[in-house]
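This report was prepared to accompany a sequence and its three-dimensional model. Please consult both while reading.

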Amino acid sequence: MTGREPALPEISFEDRMSTVEFRVAEKAHITIDGDHCRGCTTKACVTACPASLFVPTSDGGMLFNYEQCFECGTCYMVCDSEGAITWTYPEGGHGVIMRKS
Amino acid sequence: MADVPARVAADAPDFDVIVVGAGPAGSAAALTAARGGLRVCLLERGPYPGSKNMYGGVVYPRVLDGLIPQWWDRMPIQRWVTRRSTMLATPTQALTIDYRTEAWGKPPYNGATALRSELDEWLAQEAVAAGATLVTSTTVTSLLRDANGRINGVDTDRPDGQLRASLVIACDGVNSFLAKQAGLYDNFSAENITLGAKEVLALPREEIDARFGLSGRDGLDIEMVGVTGGIPGGGFLYTNLDTVALGIVVSVTELAKAKRRPEELIAGVKAHPAVAPYLRGAQVVEYSAHTIPEGGYDTMPALVTDGMLVAGDAAAMCLAAGIWLEGVNFALGAGAAAGETAVEALAAGDTTKRGLAGYRRRLESGFVLPDHRKLRRAPHLVLSDRVQNAYPTLVCDLVEQMFTVSNPTPKPGLRKLLRATRKAHGVGLRDLARDGVTGMRTFG
């Protein structure tokens with residue numbers, strides 16, 4: 001190991017997510033209560049969500065999108081505040097579709 | 001619901017058994033119950049079985065011997081794992097124990113890499129061939145109960161989507177909304193959950209054969225410790241036919257505390273000097289992630305209640321014991337036990353908790369609960385700071401010094417080397433002894 005192998009060029013997060021198929025349901029299967037988020041100091045969902053669906057806003061709130069969700073549940077499990085994230089499965093036939101995993 | 005028979009009377013059951021989730025547990029349950037002559041509905045929320053499912057990539061299917069004879073001629077697999085490596089790594093070092101055997105490349109085989117979209121679909125179709133009714137694109141929204149509070153069906157998101165049955169078998173995965181709704185989990189905690197995230201990377205089949213020293217349908221499984229940036233967990237690399245699955249499994253709570261992103265951790269594994277050369281030029285063709293119930297035996301829910309059984313990930317039946325990383329086989333074993341119990345209970349006309357007691361008895365007499373009970377301490381040991389961080393560093397440093405020829409300095413004795421390395425990494429003899437005893441108790 002004299003010279004370190006140059007890392008593969010990392011794809012952008014957008015390109016990464018574009019490798020996954022999502023059949024987006026009209027109705028969101030995640031809802032959040034922004035009041036909880038404004039008081040939250042950890043905002044653990046922001047970094048832990050593998051699809052990076054949670055984006056903190058400058059006023060301390062939280063933006064999120066449900067469209068590219070892996071339906072894994074990490075967000076509500078790491079959330080400090082019970083009831084801040086309400087999470088169910090999307091409508092049948094919708095949501096993430098994995099083919100090569 | 002065109003594919004579901006019309007109801008005869010308002011409160012007559014539509015089916016004998018409703019199985020929720022067409023993953024390995026659900027399909028094994030549906031297959032076994034249908035073969036026993038029951039009317040079985042297998043509900044799947046994805047458009048096809050396997051569409052919602054991801055895993056690292058290796059399945060150990062010997063549990064199918066009794067269900068699907070010669071399963072190896074029919075199961076859609078990618079490669080047979082004939083080479084298995086365990087890597088202890090630091091950011092700049094890696095010690096790999098590599099084992100290969102021809103025995104695992106012929107019947108009855110051992111482990112196989114397989115894609116869940118193919119594996120789960122195949123298993124579900126085996127259940128359909130046995131007479132089960134598979135209904136896809138249908139999400140179960142809640143349990144239904146009779147006047148006495150006993151579970152007797154499910155509500156779905158289809159119009160007029162209530163389905164009644166004598167028994168519900170919940171195989172709805174790690175989030176296990178049904179087991180939670182039934183009150184079977186009194187201790188569900190994120191502490192017991194890990195996040196698996198992986199990339200499927202495309203490489204030509206001949207390249208995979210050449211890079212990993214493989215031929216024909218032979219495959220490689222590499223498990224790694226010390227590659228997750230100090231967050232408890234591990235890394236993996238599995239060879240498919242013309243793709244490689246590379247990923248990480250980490251504690252969700254520790255991931256959150258470390259404020260690291262899952263794809264960053266994957267990038268760290270890919271850039272490791274012991275991994276990067278294998279993946280040169282490989283392109284990501286699918287990124288995926290899912291949570292895993294890795295807490296083991298002590299974190300399982302109650303498995304039985306009046307009118308319902310729980311199996312697979314929904315019952316926390318994943319075994320993450322460091323050297324053994326298994327889940328699909330436990331789901332298959334538990335699913336089959338649930339299906340057999342359904343046949344027995346329906347024949348006796350008793351699907352109360354008492355009538356379903358055969359489920360636990362079957363799990364106890366097979367491998368599902370004995371393996372989990374035996375390895376109940378393993379998750380804690382495997383995710384401990386010493387196993388995760390101190391030991392890989394210690395072992396790599398020890399081996400490095402053993403093999404470094406630093407003439408004209410004479411070779412140090414091994415005992416002296418071990419003592420010095422141990423001290424340098426703050427591992428006391430007492431720690432080693434204690435972990436040794438725990439290891440013996442856990443794995444012995």
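## Chain A: elements and dimensions

The coordinates are those of a predicted model. Chain A contains four helices and six strands. Read from the N terminus, its elements follow the order α-β-β-α-α-β-β-α-β-β.

The C-alpha trace of chain A extends over about 50 × 35 × 20 Å along its principal axes. Its radius of gyration is 16 Å, whereas a compact globule of 101 residues would have a value near 13 Å. Of the 101 residues in chain A, 35% are classed as buried.

## Domains of chain B

Chain B is assigned a domain 1 made up of residues 15-78, 114-188 and 301-374. The assignment also gives domain 2, covering 191-293, and domain 3, covering 384-443. Between the C-alpha centres of domain 2 and domain 3 of chain B the distance is 27 Å.

## Strand β12 of chain B

Strand β12 of chain B comprises residues 218-225 and is mostly covered, with seven of its eight residues buried. Two pairings of this strand are described here, one with β4(B) and one with β13(B).

With strand β4 of chain B (residues 79-89), β12(B) pairs in the parallel sense, through eight bridges. Within this part of the model, B:S85 has B:I222 of β12(B) as its bridge partner. The pairing of β12(B) with strand β13 of chain B (residues 233-239) is antiparallel and involves four bridges. Here B:F236 in β13(B) is the residue opposite B:E223.

## Nonpolar core

The largest nonpolar core consists of 159 residues, and B:I169 and B:A311 are the residues with the most contacts inside it. Helix α7 of chain B (residues 328-348) supplies the largest share of this core, namely 11 residues.

Which residues does B:A311 touch, leaving aside those up to four places away in sequence? The contacts of B:A311 include B:I169, which is itself named with B:A311 for the most contacts inside the core. B:A311 also touches B:A25, B:A29, B:C171, B:A331, B:A334, B:G335 and B:A338.

Key:
Residues numbered from 1 in each chain as written. Chains lettered and ligands numbered in written order. Predicted model: local features only at pLDDT ≥ 70, side-chain atom pairs only at ≥ 80, totals over all residues. Buried ≥ 20, exposed ≤ 12 C-beta atoms within 10 Å, placed from the backbone. Pairing = 2+ DSSP bridges. Rg over C-alpha atoms; globule rule 2.2 N^0.38 Å. Domains from an automatic or database assignment. Core = buried A, V, L, I, M, F, W, Y, C linked by C-beta atoms within 7 Å. Contact = placed C-beta atoms within 7 Å.
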